[in-house]
Amino acid sequence: MATVLCVILYVLALSCSVIARPATFLQDFRITWSDSHIRQMEGGKAIQLVLDQNSGCGFASKYKYLFGRVSMKIKLIPGDSAGTVTAFYMNSDTDKVRDELDFEFLGNRTGQPYTVQTNVYAHGKGDKEQRINLWFDPALEFHTYSIMWNHRHVVFYVDEVPIRVYKNNEAKGIPYPKVQPMGVYSTLWEADDWATRGGLEKIDWSKAPFYAYYKDFDIEGCPVPGPTNCASNTKNWWEGAAYQDLSQAEARRYRWVRLNHLIYDYCTDKSRYPVTPPECMAGI
């Protein structure tokens, strides 16, 4: 596992160094609730999350980060997963003016596609949901889910396919998360009041317990507290020219996802937003 530890290197110039080292789950993460429902596997290199009628569970990174890239390989709940939500997200953990970048995997009845909901909170304002149906069964094997966050944009990836882009349009007065560091979180929980078909499909507890699996936790970013110049260092790889915009190949995949698998976009929901939100008109 590659983990970024921004080591204080005051030699020639302060910089943020990427250091690769093998690590187990508990070296970089802590259990936030219901430790009896998180089980370590493969010597701590993988974990199993459990949801039953008693509890769900969750974990979080030990550090917060300001810009970078975080990814995890996840195998979702197989079969009838209606009413469950497996979430993987970044959060500033602040009360009112919070920043947050969300992956939420919404379970479904057997044979129906898994829906992935993404959301962005910037300076305390969220309600920017988009949903896609995955083009594969995410319960059959592990797939990689990633969030790239730099000064230019936030990109959500599924197996290196970009499914959402949120650009920095502060010049147009649109909030962008760039000041508050965010931790990395994941939870497995019951949300059958809204998760599947708007809450019409409830959890079938006869199918419990429900299991989700995680491995290959990868965080590369500037930890906070850490060297104060790290987040503004243009030499960090995620700030490089290759990551300022989608490549041509990524742009083609992005258009393919949006054309074929996007099932909901708040930007076009006139019942919620009679006036199109400004970020939607800014090329997001």
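## Buried positions, a helix face and aromatic pairs

Alanine 231 counts as buried because its relative accessible area is 14%, where buried means under 20%, exposed over 50% and partly exposed in between, computed with a 1.4 Å probe on protein chains only. The model is a predicted one, in which local features need pLDDT of at least 70 and side-chain atom pairs count only at pLDDT 80 or more, whereas totals for chains, interfaces and linings use all residues. Residues are numbered from 1 along each chain as its sequence is written, and side-chain values use heavy atoms, with hydrogens and water left out.

Alanine 231 belongs to the loop between β15 (210–224) and α2; helices (H or I, at least four residues) and strands (E, at least two) are DSSP runs numbered from the N terminus. Its contacts, meaning heavy atoms within 4.5 Å, are with Leu66, Phe67, His151, Cys222 and Glu239 once residues up to four places away in sequence are set aside. Between alanine 231 and glycine 83 there are 148 residues in sequence and 38 Å in space, C-alpha to C-alpha.

Buried positions in α2 are Glu250, Ala251, Tyr254, Val257 and Arg258.

Two glutamates deserve a separate look, since UniProt, in an unreviewed entry, lists Glu100 and Glu104 under "active site"; UniProt positions follow the numbering used here, feature names are shortened, and annotations may be inferred rather than shown by experiment. Glutamate 100 is in strand β8 (residues 100–106), and glutamate 104 is in strand β8 too. Glutamate 100 is buried at a relative accessible area of 8%, and glutamate 104 is buried at 13%. Beyond four places in sequence, glutamate 100 touches Tyr89, Met90, Asn91, Asn119, Val120, Tyr121 and Met182, whereas the corresponding contacts of glutamate 104 are Val85, Thr86, Ala87, Thr115, Val116, Gln117, Trp189 and Trp194. The side chain of glutamate 100 also makes a polar contact of 2.9 Å with the side chain of arginine 98. A polar contact is a pair of N or O atoms within 3.5 Å; within protein, one must be able to donate a hydrogen and the other to accept it, and residues adjacent in sequence count only if both atoms are side-chain atoms.

Serine 92 sits in the loop between β7 (84–91) and β8, where it is buried with a relative accessible area of 1%. Its side chain is joined to that of threonine 94 by a polar contact of 2.7 Å, and its contacts, leaving out residues up to four places away in sequence, include Arg98 and Met182. Asparagine 108 occupies the loop between β8 and β9 (115–121), and the unreviewed UniProt entry annotates Asn108 as a "glycosylation site". In the model asparagine 108 is buried, with a relative accessible area of 14%, and, again excluding residues up to four places away, it touches Gly79, Asp80, Ser81, Ala82, Pro113 and Thr196.

The structure holds 22 aromatic pairs, where rings of Phe, Tyr and Trp (its six-membered ring) pair if their centres lie within 6.5 Å, and planes under 30 degrees apart count as stacked, over 60 as edge-to-face and the rest as tilted. Phenylalanine 29 and phenylalanine 59 form an edge-to-face pair because their planes stand at 90°, with the ring centres 5.4 Å apart. This pair links distant parts of the chain, 30 residues apart, with phenylalanine 29 in strand β3 (residues 29–33) and phenylalanine 59 in strand β6 (residues 57–75). Phenylalanine 29 is buried at a relative accessible area of 1%, and phenylalanine 59 is buried at 0%. Tyrosine 266 and tyrosine 273 form another edge-to-face pair, 5.9 Å centre to centre and with 75° between the planes; tyrosine 266 is buried at 1% and tyrosine 273 at 16%. Phe29 and Phe59 also belong to one aromatic cluster together with Phe25, Tyr214 and Phe217.
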